[in-house]
Amino acid sequence: MCGTPGYVAPEILHGEMSDSKSDIFSIGVIFYNILTGRALFPGMEHKEILKKNSNNDLKNAMKCIINLPSQAQDLLLKLLVTDKKKRPTAK
């Protein structure tokens, strides 16, 4: 398993192999960081960050994106969806 805590797709943390859909999730995390200036899965320790990341806990994220344009919110939520089959493709 490889990846940066807070940026890795949840399926990787659950033991699945990474693929292009995993990269789409990571792009979503970076997009969130750019739009809000905040970490998507904040925490003081790696363990805390990984737990939020593994559970794809977006509760705090929703509070931070409420004032963004609806198109940005829509894209962000599509990139960060837990079920990788429902994420957009890079094609």
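Lys78 is partly exposed, because its relative accessibility is 43%, where partly exposed lies between buried (under 20% relative accessible area) and exposed (over 50%), with a 1.4 Å probe and protein chains only. The structure is a predicted model, in which local features need pLDDT of at least 70 and side-chain atom pairs count only at pLDDT 80 or more, while totals for chains, interfaces and linings use all residues. Residues are numbered from 1 along each chain as its sequence is written, and side-chain values use heavy atoms, with hydrogens and water left out.

Lys78 has a charged partner in Asp74, and the two side chains form a salt bridge of 3.1 Å, N to O. A salt bridge here is a side-chain nitrogen of Lys or Arg within 4 Å of a carboxyl oxygen of Asp or Glu. Asp74 is also partly exposed, at 41% relative accessibility. Both residues belong to helix H5, where they sit 4 residues apart, about one turn of the helix; helices (H or I, at least four residues) and strands (E, at least two) are DSSP runs, numbered from the N terminus. An α-helix has 3.6 residues a turn, so residues three or four places apart point the same way.

The structure holds 6 salt bridges. Another of them joins Glu16 and Lys84, with the closest N and O atoms 3.6 Å apart. Glu16 lies in the loop between helix H1 (10-13) and helix H2 (20-36), and Lys84 in the segment after helix H5 (70-79), so this pair ties together parts that are 68 residues apart in sequence. Glu16 is partly exposed at 41% relative accessibility, whereas Lys84 is buried, with a relative accessible area of 19%. Glu16, Asp19 and Lys84 are linked in a network of salt bridges.

Ile49, Asn53 and Ser54 are buried in H3. Seen down the axis of H3, the buried residues fall within an arc of 130 degrees, so they line one face of the helix; the arc is that of the directions from the helix axis to the C-beta atoms. These buried residues pack against H1 and H2, contact being heavy atoms within 4.5 Å. On the other side of H3, Lys47, Lys51 and Asn55 are exposed. Just after H3, Asn56 takes a positive phi of about 50 degrees.

Of its 16 residues, Phe25, Val29, Tyr32, Leu40, Phe41, Leu58 and Leu80 touch the most other members. Two or more residues come from each of H2, helix H4 (59-65) and H5, and H2 gives the most, with 3 residues. Leu40 touches Val29, Tyr32, Asn33, Leu58, Ala61 and Leu80, not counting residues up to four places away in sequence.

Key
Core = buried A, V, L, I, M, F, W, Y, C linked by side-chain atoms within 4.5 Å.
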